[in-house]
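Let's take a walk through this structure together, starting with the whole chain and then stopping at a few spots along the way.

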Amino acid sequence: MITTKYFFLLVLITAGFVFILLYHWFSANVIVGDRLSAVHLSEPENSAARFSGQSSQAGGRLDDLTVYREYDEKFVIIYNRVPKTGSTSFVNLTYDLCKKNAFHVLHINITANMHVLSLPNQLKFVRNITAWDSMKPAFYHGHMAFLDFSKYGMPAKPMYINLIRQPLDRLVSYYYFLRYGDDYRPYLVRHRAGDTMTFDECVAKQKPDCDPTNMWLQIPFFCGHHAECWNPGSSWALEQAKRNLANEYFLVGLTEEMDEFIELLELSLPRLYRGAVSHFQKSNKSHLRRTKSKVEPTPDTVAKIKESTIWQMENELYEFARDQFHFVQHKLRTPGRNVMQEFLYEKIKPNPNVAGKN
C-alpha cells in the first residue's frame with residue numbers, strides 16, 4: 001500500500017512535470033513565435049543578421065523570407081522605351097528570358113503610335129496593370145511617356161526602367177532608318193524609301209527631317225503626360241524629366257553601355273533577369289537591329305546641330321542620366337577591390353533567438 005505521504009509526494013512530482021511541459025510549450029509557440037514574426041533575420045553563428053535560406057514557420061505565421069520572396073512574384077516593370085535607343089535588342093532579350101524565368105512580357109500598343117494616353121485610358125491602364133495579378137510578375141514595354149501612378153490613387157507603383165542615347169546619334173539613326181530601314185525587317189519599305197539625301201545635305205538645306213526639334217523626344221518621354229512636356233525647348237519639361245529620372249526610375253542605362261545595363265539588372269532583379277548577361281553575349285540577337293546605310297555626319301554638321309537649344313537641353317538630360325548610371329555602377333563594388341558590396345543587420349536587441357526571461 002502506498003502511504004498517504006508518498007501519494008501526495010507523487011502528485012506533487014507529476015504536477016511539477018506538467019507545469020514544466022506547459023511552460024516550454026508556451027515559450028516555444030507564443031513568446032518565440034511572436035518574436036520571430038517581428039524579426040527573422042538573424043544567423044546563429046554571429047551577431048550579424050541576413051536573410052537565410054530557411055523557410056520555417058513559427059506559430060503558423062509566414063517567416064520573413066517567404067514574405068520577402070512574395071515581393072518577387074508581384075513585380076510590375078514598365079519599360080517606356082524611347083525609339084532608336086536599342087530597345088528592340090533589349091526587349092528581345094527579355095522575351096527570350098520570360099519562359100525560362102517564369103514571368104510575362106506584354107507590349108503596350110497605342111493607336112497610331114501615339115506616345116500619350118488619353119485621360120480615360122490613363123485611368124484604365126493604371127487600374128488594369130495594378131489589378132492584373134495573373135500576369136505578375138510582369139514586364140510591360142511600349143513607346144509611351146512616363147505615367148505617374150500615384151496620381152490615380154493606386155496602392156502600389158510599378159518599377160520603371162529605360163535606356164537613353166546621345167541625342168544626335170539617336171536623330172541620325174532615325175533619319176536613315178526612315179529611308180533604309182534596318183536588318184531586323186530588311187524587306188519592309190520605310191516612309192522615306194528612295195530619298196538618298198544624306199543627313200549632312202539635309203542640314204545644309206535646312207530640311208524638316210533633320211531639324212533639331214526632332215531631337216525633342218527623350219525629355220518628354222521622361223517628363224510624362226503633361227502638355228508642357230511636349231513643348232520643345234521647355235525648361236520646365238527638362239527639370240521634370242530629370243526629377244522623374246532620379247526619383248521614379250529604378251534604373252536608366254545607356255545605349256552604348258547595354259552590357260553594363262543588363263549586368264545591373266541581373267544583379268538587382270534576378271527573379272526576371274537571371275542568366276541575362278550570358279544569354280545576351282552568346283545570342284545572335286544581342287545586336288539585333290542595325291540601321292542600314294547610315295553615314296556619320298561631318299564635324300561641321302555636328303557643330304551646327306550642337307548650337308541649337310534643343311540639342312543642348314537633350315544632351316543635358318543625357319549627361320544627367322549618364323552620371324547617375326556610372327554612379328550606380330561605381331557603388332556596385334567595394335572601393336579598391338573587385339568585391340561586390342554587401343550589407344547586413346547587427347546589434348539587434350532584444351535577441352530574437354533567445355526567449356524572454358521572467
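Among contacts between residues at least 6 apart in sequence, 72% join residues at least 24 apart, where contact means heavy atoms within 4.5 Å. Keep in mind that this is a predicted model, in which local features need pLDDT of at least 70 and side-chain atom pairs count only at pLDDT 80 or more, while totals for chains, interfaces and linings use all residues. Residues are numbered from 1 along each chain as its sequence is written, and side-chain values use heavy atoms, with hydrogens and water left out.

The chain has 13 helices and five strands; these are DSSP runs numbered from the N terminus, with helices being H or I of at least four residues and strands E of at least two. Out of 358 residues, 41% count as buried. Buried here means under 20% relative accessible area, exposed means over 50%, and partly exposed is in between (1.4 Å probe, protein chains only).

Now find helix α9, residues 258-268, whose buried residues are Met258, Phe261, Ile262, Leu264 and Leu265. Looking down the axis of α9, these buried residues fall within an arc of 160°, so they line one face of the helix. That arc is taken from the directions from the helix axis to the C-beta atoms. The cover over them includes helices α3 (87-101) and α13 (309-330), along with strands β4 (159-164) and β5 (249-254).

Phe261 also takes part in something else: ring pairs link Tyr79, Phe90, Phe139, Phe261 and Tyr273 into a cluster. Rings of Phe, Tyr and Trp (its six-membered ring) pair if their centres lie within 6.5 Å; planes under 30 degrees apart count as stacked, over 60 as edge-to-face and the rest as tilted. The structure holds 15 aromatic pairs. In one of them, Phe125 and Phe149 have ring centres 6.2 Å apart and planes at 70°, so this pair is edge-to-face. Phe125 sits in helix α4 (residues 119-131) and Phe149 in the loop between β3 (138-141) and β4, so the pair ties together parts 24 residues apart in sequence. Both Phe125 and Phe149 are buried.

Tyr174 and Phe177 make a stacked pair, with 6.4 Å centre to centre and 25° between the planes. Both lie in helix α5 (residues 167-180), three residues apart, about one turn of the helix. An α-helix has 3.6 residues a turn, so residues three or four places apart point the same way. Tyr174 is partly exposed at 35% relative accessibility, whereas Phe177 is buried at 9%. Lys84 lies over the face of Phe177, 4.3 Å from the ring centre. A charge sits over a ring if NZ of Lys or CZ of Arg is within 6 Å of the ring centre and within 35 degrees of the ring normal. Arg179 does likewise over Tyr175, at 3.6 Å from the ring centre.

Next, look at Arg81, in the loop between β1 (76-79) and α3. Is Arg81 buried or exposed? At 9% relative accessibility, Arg81 counts as buried. Its side chain joins that of His141 through a polar contact of 3.0 Å; such a contact is a pair of N or O atoms within 3.5 Å, and within protein one must be able to donate a hydrogen and the other to accept it, with residues adjacent in sequence counting only if both atoms are side-chain atoms.
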